[in-house]
Amino acid sequence: MLSPDALRLTINGGFKFNLGLHGSEKLNQQERRKERLDRGIKVRTEGLYALLSWREMSYLLVPRMVLILGLLFIPLLLDMYWQRVLCVAGVYALLALSFDFLAEFVGLVCLGGAFFIGSGGYIAGLLNHWMGWSPFLTIPIATVAGAIVSTLVLLPCLRLRGIYFAIISFMFPLLTVYVIIALNIFGGTEGITALDTFPNIWADQYLILGAVIVSLFAMRRLVNEDFGLILRSIKDNDQAVKASGISITSYKTKAVFIASLTGCFGGAYLCHLYGWVGISQFAMDFSILPIAATVMGGMGTLVGPVLGAFILTPMSEALRGFGQLRVVLYCLILIGFIVYKPEGLMNYLKRKFHQFEHWEDV
Amino acid sequence: MMDILIYGTVNSVVFALMAVGFTLVYGVSRLPNFAHGAIYVLVGFLTWSFVHDLKLFYPLAIFLSVCISSLIGALIYRLVLIRLRGLPTSEIIASFAVGLIILEGLRLQGIGGFKGFIGPFYTLPSFIDGKMKILDVLIDYQRLIVMGGGFAIIASLWLFTHYTKMGLSLRAIAQDEQAAMMLGIDSDRAAIVSLSIGSALAGLAAVIILPLGNVVVEAGYRVLIYALAVCIIGGLGSWAGAVLASFVLGFAMILSTALFGAVWESVVLVGAIILILIFRPSGLLGKQKELEERV
């Protein structure tokens, strides 16, 4: 009978006629659209059939093993300078993890990751300086104590909308710097020096890489539990969660505590890496690079920010000669990604890995 | 006593000038303009460059800088923020990033011959030099101009939003966006206008206040912190609240300086914010948003 093209023309023409549309109105007649379907192997691996054969198991395991083994073997390939850079990149990765967790799973944009670093670092430095405890003691204690301090500081604004959290978390690193300088406590502008460092460079790196891997997988596990489900629903519609009888403030507090645990660990680690704490631990660098790493790496996937941090930190090291150009560059990358490609790198890769697409006629 | 009163008023007007631009933008379009402090400092440096490098007439330089600041505000909305409306996390991140680009960009050195603005070398000349005595308190003319100019700006803002069509439409969008859009007020256009006016207010604040001291990039962060503190204490989005809160905060800081010494100013600021958030979270005058504030 009628060919498909003629049929299509008739249908389209009839459609136009029936609605009486004017000629000036441009109907976007798309002849084809992109259809995305999950790959068969992805569907099989979602349940028990993941154990069906080596192929399914490797589909699940290979990306994760590549990540873990890659991170663990990179130190063997680098020279001394870049190994130091890797340590700092690990700290930024922890911060990016905490930012992504808070922003995408709880809906709180934390513009002041530097506060976590500073509080963890200062508590570790003070414990080491005043009491002389070794890094094995100060780092865990500083992680927990710093997290408690950060949560208490951010507590008053957790009852309110997310914008208050952004404002308060932005203000607090800068205000803490002003207070420290003004009251000249905790070493003032010079900071606290002559702290204990780690025995050798291998201990440095593997400690932070281990921490990154453990936090990444722990957070991944956490957001897939009931706790994570409640947090995600707080982000989407908090009135509904409240109507279910769940206390929003207590869940937000727990989420901020968990996120600040990773940040404060990074701060305590950084203090013992350099053997020094100062007000530069509250620098704007620690606040903006995790955000740029998260947006570039893919908000929502916890792996993306980690990878973004490991990409951006060496890049910023390479640009060290240009001074403040690094921060301008992070912000430009951030704005470029957030306006033009908000899904980020990891979401794109995930989509390509899990789904295949083809053009289909409309 | 009298000098606390007069200097407290000057301080309060300074805070009010810094904060009213941010409150305007947030009240109208729920956009936190984290680039507020950046525009403040940018206008200061632009005026300095116009006066020193291009040798322009001072009032002309001021006029040009304020116009450029409002243009930058409109551009920030049109190029970046308009694509992110409705995504609160992305709006916050993007405006923060724009602010940082401007602020850290002013510190750049050696890119294309641009020497960064570093160091306490940049000052803007006062409008009128000299001092006078009011009620036994020695005060210089620039501070009086700050006070007078601040009152004039706030009064003209009040007149603008109450008696002109554009101002009334901004207030309409601030009160209820859906109803205003039903009446034909375009919310994107209102956002562009509010961002231009907000940035112009930041620029005006800069040219009035900066002659009192140096122009440094750190002032950008400081101004943003003060503006945010005033807005939180007064209620985000409430214009009268911002003015009231600026008086509260200004007098609190002057009193703490007089009684305890200048080092406790930041502590007072932190304490005031935390107190307000605990006892009256919507701010002093943030009454209409009470239901949405508390979660």
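Which residues have the most contacts inside the largest nonpolar core? In this predicted model, they are A:Leu334 and B:Val230, and the core to which they belong has 205 residues. Helix α4 of chain A, residues 80-106, supplies the largest share of this core, with 17 residues. As a general background, nonpolar side chains in soluble globular proteins tend to be buried together.

The confidence values of the prediction may be stated at this point. The complex receives an ipTM of 0.88 and a pTM of 0.87 from the predictor. For chain B the average pLDDT is 85, and 93% of the residues score at least 70.

Chain A has 15 helices and 2 strands. Its C-alpha trace spans about 90 × 50 × 50 Å along the principal axes. Of the 362 residues in chain A, 44% are buried. When contacts in chain A between residues at least 6 apart in sequence are considered, 77% join residues at least 24 apart.

Beyond its neighbours within four places in sequence, A:Phe282 is in contact with A:Ala114, A:Phe115, A:Gly118, A:Pro173, A:Thr176 and A:Val177.

The contact between the chains involves 38 residues of chain B and 36 residues of chain A. On the chain B side, the elements that give two or more residues are α4 (88-105), α9 (218-234), α11 (265-279) and α12 (290-293). The largest share of that side, 13 residues, comes from α4(B). By class, the side of chain B that touches chain A has 27 nonpolar, 5 polar and 6 charged residues.

Apart from neighbours within four places in sequence, the contacts of B:Val230 are B:Phe15, B:Ala19, B:Ala242, B:Ala245, B:Ser246 and B:Leu249. Among these residues, B:Phe15 and B:Ala19 in α1(B) and B:Ala242, B:Ser246 and B:Leu249 in α10(B) also take part in the contact of the two helices. Helix α1 (residues 2-29) and helix α10 (residues 239-260) of chain B pack at an angle of about 145°, with their axes 7 Å apart. Their crossing is right-handed. The residues of this contact divide into 17 nonpolar, 7 polar and no charged.

Most residues other than glycine have a negative phi. A:Asn184, although not a glycine, has a positive phi of about 55°. A:Asn184 is placed in the loop between α7 (162-183) and α8 (201-223) of chain A, and it counts as exposed because it has 12 C-beta neighbours inside 10 Å. B:Arg30 likewise is a residue other than glycine with a positive phi, near 55°. B:Arg30 lies in the loop between α1 and α2 (36-52) of chain B. With 18 C-beta neighbours inside 10 Å, B:Arg30 counts as partly exposed.

Note on methods:
Residues numbered from 1 in each chain as written. Chains lettered and ligands numbered in written order. Predicted model: local features only at pLDDT ≥ 70, side-chain atom pairs only at ≥ 80, totals over all residues. pLDDT = per-residue confidence, 0-100. Core = buried A, V, L, I, M, F, W, Y, C linked by C-beta atoms within 7 Å. Buried ≥ 20, exposed ≤ 12 C-beta atoms within 10 Å, placed from the backbone. Helix = DSSP H or I, 4+ residues; strand = E, 2+ residues; numbered from the N terminus. Contact = placed C-beta atoms within 7 Å. Nonpolar A, V, L, I, M, F, W, Y, C, P; charged D, E, K, R; others polar. Axes fitted to C-alpha atoms, helices over the stretch in contact; angles between N-to-C directions. Left-handed = near helix turned anticlockwise from the far one by under 90°.
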